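Biologist: Can you take me through the packing in this one? I have the viewer open.

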Amino acid sequence: MTLVSKLPQVGTTIFTVMSSLASELGAVNLGQGFPDFPMSETLVSLVDKAMRDGYNQYAHMNGIAGLREVLAAKIADLYNAAVNPDTQITITPGGTYAIYTALTTVLQPGDEVIVFEPAYDSYIPNIVINGAIPIRIDLQFPDYRIDWEAVRQKITPRTRMILLNTPHNPTGAVLGPGDMQQLRAIVENSRILIHSDEVYEHLIFDSIPHQSILRYPDLLERSFISFSFGKIYHCTGWKLGYSVSSPSLMQEFRKVHQFNCFSCHTPSQVGLAEFLKDKDTYLSLGPFLQQKRDYFARLMTGTKFSPLPSYGSYFQLYRYDRISDEADRDFAIRITKEYGVASIPVSAFYQSGKDDRVVRFCFAKKAETLERAAERLQKIK
């Protein structure tokens, strides 16, 4: 029996490679983006209560009404946007699923999708598996800004979507108001749709306002926006998120969703619906992670690594040019083996393997984990 692969260029991801190596060697894993500190005990108790109260059967395909309603209220409060919880919000098994479903909903063979690299690793496979064509544009190193003139030059009659990510994984860059105005000008009077990956929505630092697509009614009308409960509430293993869109686009999204996942974990939704009524549960997240970013940065001053700015997410990039001129993948593997700290080489986020000699560290860890990692990294000469 022969099988023609739909993703012939895809192998094991670097995240799996580095996490497996870290586990095998007992290294401190600052590679993959998951916290090693406990999630909220209040949220755990609410989900436990939901199970004990009998919320253990299928939820509505769109997600339980109470959760969608509290999300709509949060969106109105944060972004002054009127979103209908019945027609514009769908609960999904994770943010990555929401991204895949959005792309599958609209892409036809031959469509072009503009993707900015370095890019989260699911984007391009999601495009390719739908028969569409990724049009890759490099973010401008070292601040990882979008070159909007380059975007204009890449627009063709086949351009169907622009794929955004803010706060950005892996770089920690964020979009500003000027970026949103550029985007609005580019898509105005076009057939171009937008997907905005905002899974780190609340993990944004230095009092910078999050430039969500939800702030802009004209952009929301042509957009899917993906979010993650797992990332922001430190429970990545729950694999629970949601998608927001215009009513017409969401209607099509749900056609795909109903035959793929259909329904998400009910007790978690019931618990979250109650948990999110307290605004501090999400307003406190940015300052909490900023403290970890800043603490790790102070620890890293004793190393030869040079930081690049991080304004959001779980991550900060560090140059290692004062240490070595090795390729980033070789360097990341070597320091895992020799010094016991795992990172992610940023070239893994480029299809071309573009290598600026930068590695990504996850600072969403306990203080003692960060201290142990920094102590080892200080030994690298």
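Modeller: What follows covers the nonpolar cores and then the sheet. This is a predicted model, where local features need pLDDT of at least 70, side-chain atom pairs count only at pLDDT 80 or more, and totals for chains, interfaces and linings use all residues. Residues are numbered from 1 along each chain as its sequence is written, and side-chain values use heavy atoms, with hydrogens and water left out.

Biologist: Which residues touch the most other members of the largest nonpolar core?

Modeller: Y233 and F305, out of 100 residues in that core. A core here is a set of buried Ala, Val, Leu, Ile, Met, Phe, Trp, Tyr and Cys residues joined through side-chain atoms within 4.5 Å; buried means under 20% relative accessible area with a 1.4 Å probe, protein chains only.

Biologist: Which helix gives the most to it?

Modeller: Helix α3, residues 65–79, with 6 residues. Helices are DSSP runs of H or I, at least four residues, and strands are runs of E, at least two.

Biologist: What is F305 in contact with?

Modeller: Beyond four places in sequence, its contacts (heavy atoms within 4.5 Å) include Y318, F331, F361 and L377.

Biologist: Now the sheet. What is the strand order?

Modeller: β2-β8-β7-β6-β5-β3-β4, an open sheet of 7 strands with mixed pairing. Two strands pair if DSSP finds at least two bridges between them. The edge strands are β2 (89–92) and β4 (133–138).

Biologist: How do β7 and β8 run?

Modeller: Antiparallel, joined by 5 bridges. One pairs S226 with S243 in β8.

Key
Buried means under 20% relative accessible area, exposed over 50%, partly exposed in between (1.4 Å probe, protein chains only).
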